Amino acid sequence: MKVVIVGAGSVGSSIARELLAHKHEILLIDLKPEVIGRSGLRGAHWLVGDACELSTLQGAKVEEADVVVSATGDDKVNLVVSLLAKTEFGVGRTVGRVNNPKNDWMFNDAWGVDVAVNTPQLMTALVEEAVEIGDLVRLLTLQTGVSSLVEFTVPHDSHVIGQTVGQIRWPEDATLVAILRDHAPITPSRDDVIDGGDELFFVTTIAAEDHLRALLSRDAAESRNDTAQEGGVPASAGRLEQQALEDDGFDG
């Protein structure tokens, strides 16, 4: 895969280092030539120039890239690069770094951004994911705000423990894509039984997050117990019906 990374600071260099380790072809674009020597990146290609200029992107042959990553510390630059890559060069995938959370709303398809990476938001999500057992945590926003990757750590007193994946009526627009159990990822099947401590990962629409949260909450368990079925009739209704039969002299 060919990846063009704009911005060779700490973020851009770290991304490049990981991708190079996975044998991808990397081209970094930066205004400062001195970053080449201190980056320590072996095997990467370099272009010194302003990525907001069409001539620079043409020189980088951005149209041949599979992904363009805008990872500078300037949100304006990241937006312009994403827009040019998408509209002028037809790049299939763009990733934009959000530095200021207040600018998050602009990183969408109108500006050519396919995936916005909001570092403060992501760090907050990871902190919540580490401590908020029993709560649905959004890890990443996908498809320009339409969908998200969310995580739920199953409490050891959860009502879903012991149920199979196929028994649970998940919201229509929420898909269970992975289960992390004892530090090992599991591709979920209908027959997998959910256990306490499991980390469930879903791809869901933003709109369906609340439905998923309600399904997994403790309140949902209490509500389900209150309306436990007896032969297809809520438990309370079954008791009332039995009492009425006994009052009429029908004691089964």
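Helices, taken as DSSP runs of H or I with at least four residues, and strands, taken as DSSP runs of E with at least two, are numbered from the N terminus. On that basis the protein has eight helices and 13 strands. The model is a predicted one, in which local features need pLDDT of at least 70 and side-chain atom pairs count only at pLDDT 80 or more, while totals for chains, interfaces and linings use all residues. Residues are numbered from 1 along each chain as its sequence is written, and side-chain values use heavy atoms, with hydrogens and water left out.

Confidence is expressed as pLDDT, the predictor's confidence in each residue on a scale from 0 to 100. The mean pLDDT of the protein is 83, and 79% of the residues reach 70 or more. Over residues 225-248, however, pLDDT stays under 50, and for this stretch the model has 10 contacts (heavy atoms within 4.5 Å) beyond four places in sequence. For the protein as a whole, 53% of the contacts between residues at least 6 apart in sequence join residues at least 24 apart. Of the 252 residues, 39% are buried, where buried means under 20% relative accessible area, exposed means over 50% and partly exposed lies in between, with a 1.4 Å probe and protein chains only.

Which residues of α6 (residues 209-216) are buried? They are Glu 209, Leu 212, Leu 215 and Leu 216. Seen down the axis of α6, these buried residues fall within an arc of 125 degrees, so they line one face of the helix; the arc is that of the directions from the helix axis to the C-beta atoms. On the other side of α6, Asp 210 and His 211 are exposed. As background, an α-helix has 3.6 residues a turn, so residues three or four places apart point the same way.

The loop between β9 and β10 contains Asp 182 and also His 183. Phi of Asp 182 is near 55 degrees, a positive value in a residue other than glycine, and phi of His 183, likewise positive in a residue other than glycine, is near 70 degrees. Asp 182 is exposed, with a relative accessible area of 70%, and His 183 is exposed with 80%.

Charged side chains supply further links. A salt bridge here is a side-chain nitrogen of Lys or Arg within 4 Å of a carboxyl oxygen of Asp or Glu, and by this rule the count comes to six salt bridges. One of them joins Asp 198 to Arg 181, with the closest N and O atoms 2.7 Å apart. Asp 198 lies in the loop between β10 and β11 and Arg 181 in strand β9, so the pair ties together parts that are 17 residues apart in sequence. Asp 198 counts as buried at 2% relative accessibility, whereas Arg 181 is partly exposed at 24%.

Another salt bridge is formed by Glu 64 and Lys 2, whose closest N and O atoms are 3.5 Å apart. Because Glu 64 lies in the loop between α3 (54-59) and β4 (67-70) and Lys 2 in strand β1 (residues 2-6), the pair ties together parts that are 62 residues apart in sequence. Glu 64 counts as partly exposed at 47% relative accessibility, and Lys 2 as buried at 13%.
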